[in-house]
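Please look through the structure shown below before reading on.

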Amino acid sequence: MEQTRVPPPGKRLKRVVSPVSLYPSKPLCLSDRLSLRAYIANRVTDKLTPIHDRIFCCRSGSAADTQAIADVVTYQLGFHSIELDEPPLVETAANLFRASCYRYREELTAGILVAGWDRRKGGQVYCVPIGGMLVRQPVSVGGSGSSYIYGFMDSNYKPNMTKDQCLELTAAAVSLAMERDGSSGGVVRLASISKDGVERRVILGNQLPKYSTH
Amino acid sequence: MALSNVLHAPAAGFNFDHAARNAELEGLFDAQIPKPVKTGTTIAGVVFKDGVVLGADTRATSSEIVADKMCSKIHYIAPNIYCCGAGTAADTEKTTELLSSNLTIFSLNSGRNPRVVMAVNILQEMLYRYHGQIGASLILGGVDCAGNHLYTVGPYGSVNTMPYLAMGSGDLAALGILEDGYKPDLELDKAKELVRAAIHAGVMNDLASGNNIDICVLTREGVDHIRPYQVSQYKDKRKTKYKYGAGTTAVLTEKVVPVKLEVVEETVQRMDTA
């Protein structure tokens, strides 16, 4: 019943991209300061960023801000882990994100999901939205496309699903959001984190589950 | 955290050293503050089998006027790293110069050739610190021991890496060509032609890009900076010399007034001769 891996789907790419007025990321809308056009700066961005061996973060919001924060936290966590001579806890990583996001909340636009596996609590997902709150959840979604899939996740997530069920659920959720959100699109990136390591997968545009019939 | 490659660590936060000076200069210019020269630009880069090809147009604009018809937008960073710059001309120029200096210091200190990721990280740190105030969109390409790399750094400090990239006001036009024509492991000739076509699309479809096309090929063996690679077909026939022969302007009247000088003081200084 305790799936050994258990990355609650929240952990997989359910973040779908970022808000319109900000900077480029995957198929992201860029609002150029000068021309206010919608432009996809990179249609294959990797928004799943490794923070440590078994800890990843999903970035949404301003690409520049989230890349900078992720770099800082990677450094801090790496240092901390070396001091302790132990793999770091996911909760620690989440708190480091929260510390930066809250302290600089006026200047930053960053919505981050921290997810990973550690020996103490197994698979965990922590949500650090804009503003710098920190809350642990079994399932979480974020980004501009997340509004469209809250209902989907609420109704389809069940505790103790298997890894494959989780992967399927997450891929379906992200595809649905991509279908509706103009700022989301491109490819779906999935990562499955467990005691045994990290497995990364990409679902290309033409392989996505199809939902529209018209 | 001071980097070993820079002369001194940057102070935290914005550097407003020039704010007071700028405020005073504004008064001097009588409301006609010179507009910053922008390189409304098309720049592109492609990773091919043996290295990286970078391309750029050569037009620098100041609003609607072409400020420089043969501007060099492919900047030297290190023997194995070059950088194309779009955005505010001064910002791209100075940022790349600063980066180049820092990497040279690093090379001398460590005895190693710099890596492209190092250049990218330094740029990202610096541009993020200035939160977009430095209007530099850069495409960095280079070849190092870890392979062939192509990165783009935006003015706010975001980094993207792809096998083909385009930036500047003509980026959409160039990207159309790149998306259509890019294949992994291109040969050198095909890669050069692809980049040329991409920049050409920018030149043709974007008003702020134009004139000639520069290409820079980086491989393990070395660098081939071809300037210009393609010359604009719209060559103007003006002569650059505007010398008028004597008599072009008619002299209507002539008045000669001798200036009276009187000797006030005379001193003789002996020169030492040995």
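This is a predicted model: local features need pLDDT of at least 70, side-chain atom pairs count only at pLDDT 80 or more; totals for chains, interfaces and linings use all residues.

**Contact of chain A and chain B**

The contact is made by 18 residues from chain A and 20 residues from chain B. About 1,600 Å² is buried between the two chains, and carbon and sulfur atoms give 49% of this area. One salt bridge is found across the interface: the side chains of A:Arg43 and B:Glu179 meet, at 2.5 Å from N to O. Six residue pairs are in polar contact between chain A and chain B. On the side of chain A that touches chain B, the largest share, seven residues, comes from helix 1 (residues 63-84) of chain A. By class, that side of chain A has 10 nonpolar, three polar and five charged residues.

**Salt bridges**

Over all chains, the search finds 11 salt bridges. In chain A, a network of salt bridges links A:Asp46, A:Arg189 and A:Arg200.

| Pair | Closest N and O atoms |
|---|---|
| B:Lys49 and B:Glu187 | 3.2 Å |
| B:Asp57 and B:Lys73 | 2.9 Å |
| B:Lys94 and B:Glu97 | 3.0 Å |

B:Lys49 is partly exposed, at 40% relative accessibility, and B:Glu187 is partly exposed at 42%.

B:Asp57 forms its salt bridge with B:Lys73. Because B:Asp57 lies in strand 3 and B:Lys73 in the loop between strand 5 (65-68) and strand 6 (74-78) of chain B, the pair ties together parts 16 residues apart in sequence. B:Asp57 is buried, with a relative accessible area of 0%, and B:Lys73 is buried, also at 0%.

B:Thr41 touches both B:Asp57 and B:Lys73, and its other contacts include B:Met167 and B:Asp206. B:Thr41 lies in the loop between strand 1 (38-39) and strand 2 (43-48) of chain B and is buried, with a relative accessible area of 0%.

**Helix 2 of chain B**

Helix 2 (residues 89-110) of chain B has 22 residues and reaches 32 Å from its first C-alpha to its last, close to the 32 Å expected. B:Lys94 and B:Glu97 both lie in this helix, three residues apart, about one turn. B:Lys94 is exposed at 53% relative accessibility, whereas B:Glu97 is partly exposed at 37%. Among the buried residues of helix 2 are B:Leu99, B:Leu103 and B:Phe106. B:Gly111, with a positive phi near 75°, follows the helix.

Notes
Residues are numbered from 1 along each chain as its sequence is written. Chains are lettered from A and ligands numbered from 1 in the order in which they are written. Side-chain values use heavy atoms; hydrogens and water are left out. Contact means heavy atoms within 4.5 Å. Buried area is the accessible area (1.4 Å probe) that two parts lose on being put together, summed over both. A salt bridge is a side-chain nitrogen of Lys or Arg within 4 Å of a carboxyl oxygen of Asp or Glu. A polar contact is a pair of N or O atoms within 3.5 Å; within protein, one must be able to donate a hydrogen and the other to accept it, and residues adjacent in sequence count only if both atoms are side-chain atoms. Helices (H or I, at least four residues) and strands (E, at least two) are DSSP runs, numbered from the N terminus. Ala, Val, Leu, Ile, Met, Phe, Trp, Tyr, Cys and Pro count as nonpolar, Asp, Glu, Lys and Arg as charged, and the others, Gly among them, as polar. The expected span of a helix is 1.5 Å times one less than its number of residues. Buried means under 20% relative accessible area, exposed over 50%, partly exposed in between (1.4 Å probe, protein chains only). Lists of a residue's contacts leave out its neighbours within four places in sequence.
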